[in-house]
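Reader: I would like to go through the labels used for this model and ask what each one rests on. Please begin with the packing of helices on a sheet.

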Amino acid sequence: MSEVKTPPKLAPGTLRVIPLGGLRDVGRNMTAFEIDGQIAIVDCGVLFPEDDHPGVDLILPGLDYLNNRLDDIVALVLTHGHEDHIGAVPYLLKRRNDIPVYGSRLTLAFLAAKLREHRIREFELDAVEEGDILEIGNYEFEFLAVNHSIPDALAVFIRTKGGTVLHTGDFKMDQLPLDGRITDLRGFARLGEEGVDLFLVDSTNAETPGFTTHEKDLEPAIQRVFESAKGKLIVASFASHVHRIQQIMDMAVKHDRKVVYVGRSMVRNMSTARDLGYLKVPAGTLIEMKEIDRYPDDKVVIVSTGSQGEPLAALSRIANRDHPVVEVGPGDTVLLASSLIPGNENSVYRVINGLVKLGATVVHKGNALVHVSGHASAGELLYCYNILRPKNVMPVHGEVRHLVANGALAESTGVPKDNVLVIGDGDVVDLKNGKAKHVGSVDASYIFVDGSTVGDISESIMDRRILGEEGFVSVITVVDLHNRTIVSGPEIQFRGLAEDLSAFDEARGRVEEALQEAMRDGVNDTQRLQQVTRRAVGQWVSRRLRRRPMIVPVVVTT
């Protein structure tokens, strides 16, 4: 990658491509395109926080880049309904609510429910389907069917004066999909004949050799789980994984179990999928949570959210014995029918350990074939490169190792090394006359969502991280500045330090000595005395406990 610099003024007839998220992270997918003063956006998703983002709910893509260009946006195109592709749309529409949004029926239905939760009442959603071609301003969009772990996913082919771009979204090439809807390889081949100047391609499984396993191949493993489950059976999955829920629904009917949804997003999404015809629910199969006590444990399947260890999701609450209705114990079975999103490993294993401690049997991808990826493996990517023969390639959707591996695959099929752009969020690429070039960078840094707060709260995150990892110490002292004496204290309280209170007796003496010496030397304001207190405690804790806790000194005068 060339040296970071401010991109030049965009020349007429040149297509500018700016990934505002999704490169070097698995999440917050968003790409902005600009030509002749008009901006089009593909996807607008969120990234879920990791352990080093305590207290953060969501991380948004680089929306701030668009703040002064909101009126230039002519379209927002959504490839599919996963949170990492649609979750940030409400935060964009709060900045300008009349941006036209295009996507498949299921994608827009999931989005509409989300917008209502955010109390966004006025918005423009336009449904499209594979084969549709739309002319919007300086852009022409053609939509193609792709297979993924959610129905109704689309790739989008963009035609402009500056060149053509094929964006796959998330995809794989399952030849035996549960809904019979395969990736449109004939369409890909046709576009290859027309000419693909820039190929933006899903990189998630670029390191995985061969082809992604068929969804149908999971059925024997799921069948064994149902056959061996003697008590309660809880299945945790993504709330948008309609195909997986359909498999569970069908297996429940086969084994004479009722199905109950647990988790608000699961109830909402599956109701939407059923209403639109994407989920087939046999009559009499689905029951309400309030009805669960009417049935024996071995006659119910509980379909739950929380497969990624989210602390407030249903499965985590069950593992913590904090759920108002569902409890697990010996004889019960929990099936985690999902993959591990990178960064969530610790949270997921924490939930698994909690469930096992309660006596449940936990079946997951690590010990059974109960989930397959929704992303194309290396063999499928090679196939795409060979039928498309793109002039330039920009790997998207993945961590650095995924992007690099995908770029290497492109090179192996004959794409020149200089035409493979392994870049990061905020890097700017200009496309003109069949040549894509990295020309600079813009700010696409994290935007944190903490409750109702949106913005740069990195300092607050650092405070929380210190509290979680190093602990907290407060020191309260009352002094008489006139007589230069300590009236009360120092009183020390602490959290997150595995020490007996008496261990701080020595620290208390050090603080007292330091304060008395400071007052004898003429220090007569509380702010400086608080600094003396912090220094004395910090030095003692660092030497004695090898920790660097957050220290809050309070000096009060009489």
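Author: This is a predicted model. Helix α10 (residues 378–388) lies across β11, β12 (198–202) and β18, and runs at about 165 degrees to β12. Helix α11 (residues 400–412) also packs on the sheet, where it touches β12 and β18, and its direction makes about 155 degrees with that of β18.

Reader: What is the strand order of the open sheet, and what is its pairing?

Author: The order is β8-β9-β10-β11-β12-β18, 6 strands with mixed pairing.

Reader: Why are β8 and β18 said to stand at the edges?

Author: β8 (133–136) and β18 (392–396) each have a single partner strand, so one side of each has no neighbour in the sheet. On average, neighbouring strands of this sheet are turned by 20 degrees against each other, direction ignored.

Reader: What makes β10 and β11 a pair?

Author: Two strands pair if there are at least two bridges between them. Strand β10 (residues 154–160) and strand β11 (residues 163–167) are joined by 5 bridges, so they count as a pair, and they run antiparallel. Phe 157 stands opposite Leu 166 in β11.

Reader: Why is Ala 145 called buried?

Author: Buried means under 20% relative accessible area. Ala 145 has 6%, so the label applies. Ala 145 lies in strand β9 (residues 139–145). Not counting residues up to four places away in sequence, Ala 145 touches Glu 130, Ala 153, Leu 154, Arg 181, Ile 182, Thr 183 and Asp 184. The C-alpha atoms of Ala 145 and Thr 183 are separated by 5.5 Å, although these residues are 38 apart along the chain.

Reader: Is Gln 246 buried or exposed, and how do you know that?

Author: The relative accessible area of Gln 246 is 14%, which is under 20%, so Gln 246 is buried. Gln 246 is found in helix α6 (residues 242–254). With neighbours within four places in sequence left aside, Gln 246 is in contact with Tyr 278, Leu 279 and Lys 280.

Reader: Which residues of helix α5 are buried, and what do they pack against?

Author: In helix α5 (residues 219–228) the buried residues are Ala 221, Ile 222, Gln 223, Val 225 and Phe 226. They pack against β13 (233–236), α6, β15 (300–304), β16 (333–336) and β17 (361–363).

Reader: What makes β15 mostly covered?

Author: Of the 5 residues of β15, 5 are buried. Val 300, Ile 302 and Ser 304 are buried on one side, and Val 301 and Val 303 on the other, which covers both faces. In a regular strand the side chains alternate between the two faces of the sheet.

Reader: How do you know that β15 pairs with β13 and with β14?

Author: A pair needs at least two bridges. β13 and β15 have 4 bridges in the parallel sense, and strand β14 (residues 258–262) is joined to β15 by 5 bridges, also parallel. Both therefore count as pairs. The bridge partner of Ala 236 in β15 is Ser 304, while Val 260 stands opposite Ile 302.

Reader: Why is Val 556 called partly exposed?

Author: Partly exposed lies between the buried limit of 20% and the exposed limit of 50%. Val 556 has 38% relative accessibility, so it falls in between. Val 556 is found in strand β25. Together with Ile 476, Val 552 and Val 554, Val 556 makes a nonpolar surface patch of about 250 Å². Strand β25 (residues 550–557) gives the most to this patch, with 3 residues.

Definitions and conventions. Residues numbered from 1 in each chain as written. Predicted model: local features only at pLDDT ≥ 70, side-chain atom pairs only at ≥ 80, totals over all residues. Heavy atoms only, no water. Helix = DSSP H or I, 4+ residues; strand = E, 2+ residues; numbered from the N terminus. Buried < 20%, exposed > 50% of the residue type's maximum accessible area, 1.4 Å probe, protein only. Contact = heavy atoms within 4.5 Å. Patch = residues over 30% accessible without salt bridge, like charges linked within 9 Å, V, L, I, M, F, W, Y side chains within 5 Å. Areas by Shrake-Rupley, 256 points an atom, 1.4 Å probe, with all protein chains shown as cover. Salt bridge = Lys/Arg side-chain N within 4 Å of Asp/Glu carboxyl O. Axes fitted to C-alpha atoms, helices over the stretch in contact; angles between N-to-C directions.
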